[in-house]
Amino acid sequence: MNGSKRASFGTEVALLFVSLLFLLPVLYLVIMSFKEPRIFYKPLQLPDRLYLDYYKQALGVEFFRSLFNSLLVTVGGLALTIFVASMAGYVLARRKERTFQFFFYLFMSGMVIPTVGSLIPLFKLATFLHLINTRTLLVFLYTAGFIPFASFLYSAFTKSIPRELEESANIDGCGSLRMFWVIIFPLLLPATGTFILTNVYGIWNDFLTPLIFLNSPEKMTLMPTIVQFMFNKQSINFGPVFAISVLAMLPLLLLFVLTQKHMLRGLVMGSVKG
Amino acid sequence: MNLNRKQFMVSILFLIPAAAIFILFFYVPFLQSIYYSFTDWNGVGKPKFIGWANYAHIWKDPHMTDGLWNSLKMAAFGLVVQNPLALLAAVLLNRQFRTRSFIRTAFYLPVIISLVVASVVWGQMLQYDGFINEVMIRIGLESITEDWLGNVWTSFPAIILLTQWQAIGYCAIIYLAGLQAIPQDMYEAAEIEGARGWSLFRFITLPMLMPAVTIVLFLTVVGSLKLFDLPYILTNGGPGTSSYTLFLAVYNAAFKDNNYGYATAGGIVLAIFIVIVSIVQLSATRRKEVEL
């Protein structure tokens, strides 16, 4: 590729060994979800048959409901961010006036200011807006959190789009809003892809936000549901907890395997620039 | 002029939705939190202004101090152990070999797994009759088996080691990108000058990698200050306060003890630490840019 050195055989074997160690917990998780109660607490024993009872227990109303909620807030948060940040990033890249520079720095400061201290005032604000214990609130919170990174990303990509394109669209009598969604937004697709692939995990795996801002089980997302499931089962068999964890992990695992090349590239970009 | 004015207004319209959401759900709560941190407030009723009392109390509260101390220990471990390991992994992963894409996937895979799921697996593996101890017994290390998460001395070190499972892969990928951005001819030129092995690494790779290093250091320190999920699920800070992190202390002060004013002050202290780290990182990066 770029002429980098070949690794020695010893290095390769050592790396293979370490990477198997890295995969071990994942394998352990999957194996445990198939181990029948008789051998469940014998850590080194492998299952001798496919025991599916834990999955039957895990695949209840609770699971499907929280899966649906997770999908809802994940899609909602990503979509709303893409909608507002693409427009904002676009004008932030194109306009040079003070107002826009001010907003650019305002957004960028969000990358540094941590949100820990704001959780309690947010709780109060959400109560005031009658948004407490709603999935809508989660969508807004994720969006607010993503706006700095996403608008930065969109503004960086906008700079690579030639201005002539907009000028000719203007001559054709295309309104600004239409021009943006019909001509510019499709050209920003790589930014959208990067944004989705690097942030879908953040929402799906989030535990803290739903834990604080949601309280009814009907609205709860997957991660707090797993923890609830775990605390409920503490004294009984842990098998179903493993099964539900595997099920919750599966969609992202598939997504990762299918898109990992793009994702790693985007992630690197995000972290280097963020 | 008129057209310009119109275009300006249209551009503002493009900006408004993002600005509104960001200000309402990010800036307003942030500014409010500064005010609340100087008050005695339990969430209902009126906050009572008490000056610096919350901040003074933080340093006497073992949850907060142990949490902060643990976070700093973890950051130190991250800098001294995790960081060089990630760099080593990246250097090795940058070489050519047949199983490279498999190994890269394996290294990175833990990163996408949620901390909740990670807690489920590791919590089970670390139990007294769990996988880790069983392996220890089999290889003859019976004397050092331990209830890893239930012991004051081992609970937080165990959590630190768990974080490595995800952190090493994450940092290695950032280093890998940094390595791949180094132009190959720099090495060739240096080799002609007679530089070999370690000196190539010391005088080309490392300086060229400085931006990536500062990013990784930043992520390591901030990550250790903000760690919450693992101790919350695995130990809830225990036994005693042995595995508290600053974030967990803030969370418990707010949502367990309803001591909101005090919790916000803890949040502000946490934020100040993060801002300090950011400033150090930014100035370090900028200095490097000047040198280059």
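Trainee: Which residues of chain B are called "transmembrane region", and how do you know that?

Mentor: That comes from UniProt, in an unreviewed entry, which places the feature at residues 12–38, 74–93, 105–125, 156–179, 200–222 and 260–280 of chain B. UniProt positions are given in the numbering used here, feature names are shortened, and annotations may be inferred rather than shown by experiment. Keep in mind that this is a predicted model: local features need pLDDT of at least 70, side-chain atom pairs count only at pLDDT 80 or more, and totals for chains, interfaces and linings use all residues. Residues are numbered from 1 along each chain as its sequence is written, while chains are lettered from A and ligands numbered from 1 in the order in which they are written.

Trainee: What makes up residues 74–93 of chain B, helix or strand?

Mentor: That span is 100% helix and 0% strand, with its end C-alpha atoms 26 Å apart. Helices (H or I, at least four residues) and strands (E, at least two) are DSSP runs, numbered from the N terminus. Residues 200–222 of chain B come out at 96% helix and 0% strand, with 31 Å between the end C-alpha atoms.

Trainee: What does the record give for chain A?

Mentor: The UniProt annotation, again from an unreviewed entry, covers residues 12–34, 71–93, 102–123, 135–157, 178–204 and 238–259 of chain A. Residues 135–157 of chain A are 100% helix and 0% strand, and their ends lie 31 Å apart by C-alpha atoms.

Trainee: Where does helix H7 of chain A bend?

Mentor: H7, residues 135–158 of chain A, bends by about 50° at A:Ile147, and a proline, A:Pro148, follows within four residues. The bend is the angle between axes fitted to the seven residues ending at a residue and the seven starting there.

Trainee: Why is A:Ala7 called buried?

Mentor: A residue is buried if 20 or more other C-beta atoms (placed from the backbone) lie within 10 Å of its own, exposed if 12 or fewer, and partly exposed in between. A:Ala7 has 21 such neighbours, so it counts as buried. A:Ala7 lies in the segment before H1 of chain A. H7(A) is mostly covered too, with 22 of its 24 residues buried.

Trainee: Which residues does A:Ala7 touch?

Mentor: Leaving out residues up to four places away in sequence, A:Ala7 touches A:Glu12, B:Leu92, B:Arg95, B:Gln96 and B:Phe97. Two residues are in contact if their C-beta atoms, placed from the backbone, lie within 7 Å.

Trainee: How many residues of chain A are in contact with chain B?

Mentor: 73 residues of chain A are in contact with 72 residues of chain B. H13(A) gives the most to chain A's side, with 13 residues. That side divides into 53 nonpolar, 15 polar and five charged. Here Ala, Val, Leu, Ile, Met, Phe, Trp, Tyr, Cys and Pro count as nonpolar, Asp, Glu, Lys and Arg as charged, and the others, Gly among them, as polar.

Trainee: What makes something a nonpolar core?

Mentor: A nonpolar core is a set of buried Ala, Val, Leu, Ile, Met, Phe, Trp, Tyr and Cys residues joined through C-beta atoms within 7 Å. The largest one has 156 residues, and A:Ile226, B:Ala172, B:Tyr175 and B:Val250 touch the most other members. H7(A) gives the most to this core, with 15 residues. Beyond four places in sequence, A:Ile226 touches A:Val241, A:Ile244, A:Ser245, A:Ala248, B:Val116 and B:Val120.
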